[in-house]
Amino acid sequence: MKSKAVFSATQLLVLVGILPLFFISCSTVSDYIFSDASQHESTPVVSTLEDSTGQMENALIPYDKELMAHILKNAYYDFYNAQMYKNESAWRNKIVAIYGHYSGQSSNALMQVGASSDNWFYLESYYNNHAANVAVQLDHPLPIQVNAGDAFRGIAPGDDIVVFGTLRDLEKFLFDDGTTRLLPVVRGLMIYDDDDRNFQYPRWVSSRLRIPPEGTVTVDSLLFEYDQ
């Protein structure tokens, strides 16, 4: 298979450390990343990052506007759990949009059976009276209000949000009442407020959609640095 490469000509607006860049497992999105259609026009989004001292701080990070628009256009907005229970393989790797209630990452003590992780949260949702409850996997933290005086508002428990992500597998999760549930896992791509009807103001975007710093070349989903 021939290697494909993407060159970015846009610098980060604010850079706090270097986060790893990954590519989306969904083949349609991966094909789009490597196509001429992706022009790397940026959309700046406030992201909460860990600095070199281990402290959390907010930074304005550029994300690929064209790729984000592609996700919005191609997502399935009518997903519910029973569809995946009936035919898991047919839904695996599809991009879905799920309107749901965020109760907080610690709420329900959601964890994979036999393991624990802080990179999940439970999204409670319904579509046409069908349960659409999913476990959302994150590749970096949700935005938080780092300082009390910050004007920026993070995603807080009780918020109604829209999660765009790639469906992975059905996995068992343990809740704090001792029950287990078989939930679809959604690999998060973007999060918006529920009342953002036109999806103009993303609240969280996956690091896989970041525009890499100038001088970074991506080849077969790996990062290589070269001398400018």
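Visitor: Which residue meets Arg92 in a salt bridge through its side chain?
Guide: This is a predicted model, in which local features need pLDDT of at least 70 and side-chain atom pairs count only at pLDDT 80 or more, while totals for chains, interfaces and linings use all residues. Residues are numbered from 1 along each chain as its sequence is written, and side-chain values use heavy atoms, leaving out hydrogens and water. A salt bridge is a side-chain nitrogen of Lys or Arg within 4 Å of a carboxyl oxygen of Asp or Glu. At 3.2 Å, N to O, the partner of Arg92 is Glu88.

Visitor: Is Arg92 buried or partly exposed?
Guide: Buried means under 20% relative accessible area, exposed over 50%, and partly exposed in between (1.4 Å probe, protein chains only). Arg92 has a relative accessibility of 32%, so this residue counts as partly exposed.

Visitor: How many residues apart in sequence are the parts that Glu41 and Lys65 tie together?
Guide: The side chains of Glu41 and Lys65 meet in a salt bridge of 3.6 Å, N to O. Glu41 lies in the loop between helix H1 (27-33) and strand S2 (42-50), and Lys65 lies in helix H2 (residues 65-74), so the separation in sequence is 24 residues. Here helices (H or I, at least four residues) and strands (E, at least two) are DSSP runs numbered from the N terminus.
The separation asked for is thus 24 residues.

Visitor: Where does Arg203 lie, and in which strand is its partner Asp193?
Guide: Arg203 and Asp193 form a salt bridge, with the closest N and O atoms 2.9 Å apart. Arg203 is in the loop between strand S11 (180-193) and strand S12 (204-205), whereas Asp193 is in strand S11.

Visitor: Are Arg203 and Asp193 buried or exposed?
Guide: Arg203 has a relative accessible area of 9%. Asp193 stands at 15%. By these values Arg203 is buried, and Asp193 likewise counts as buried.

Visitor: At what angle do the ring planes of Tyr77 and Phe164 stand?
Guide: The whole structure has 11 aromatic pairs. Rings of Phe, Tyr and Trp (its six-membered ring) pair if their centres lie within 6.5 Å; planes under 30 degrees apart count as stacked, over 60 as edge-to-face and the rest as tilted. The centres of Tyr77 and Phe164 are 5.8 Å apart and the pair is edge-to-face, because the planes stand at 80 degrees.

Visitor: How many residues apart in sequence are the parts tied together by Phe164 and Tyr192?
Guide: Phe164 is buried, with a relative accessible area of 0%. Phe164 and Tyr192 form an edge-to-face pair, 5.9 Å centre to centre with 80 degrees between the planes. Phe164 lies in strand S10 and Tyr192 in strand S11, so the separation is 28 residues.

Visitor: Which residues does Ser47 touch, not counting those up to four places away in sequence?
Guide: Ser47 is in strand S2 and counts as buried at 2% relative accessibility. Contact means heavy atoms within 4.5 Å. With residues up to four places away left out, Ser47 touches Glu57, Asn58, Ala59, Ile61, Tyr63 and His140.
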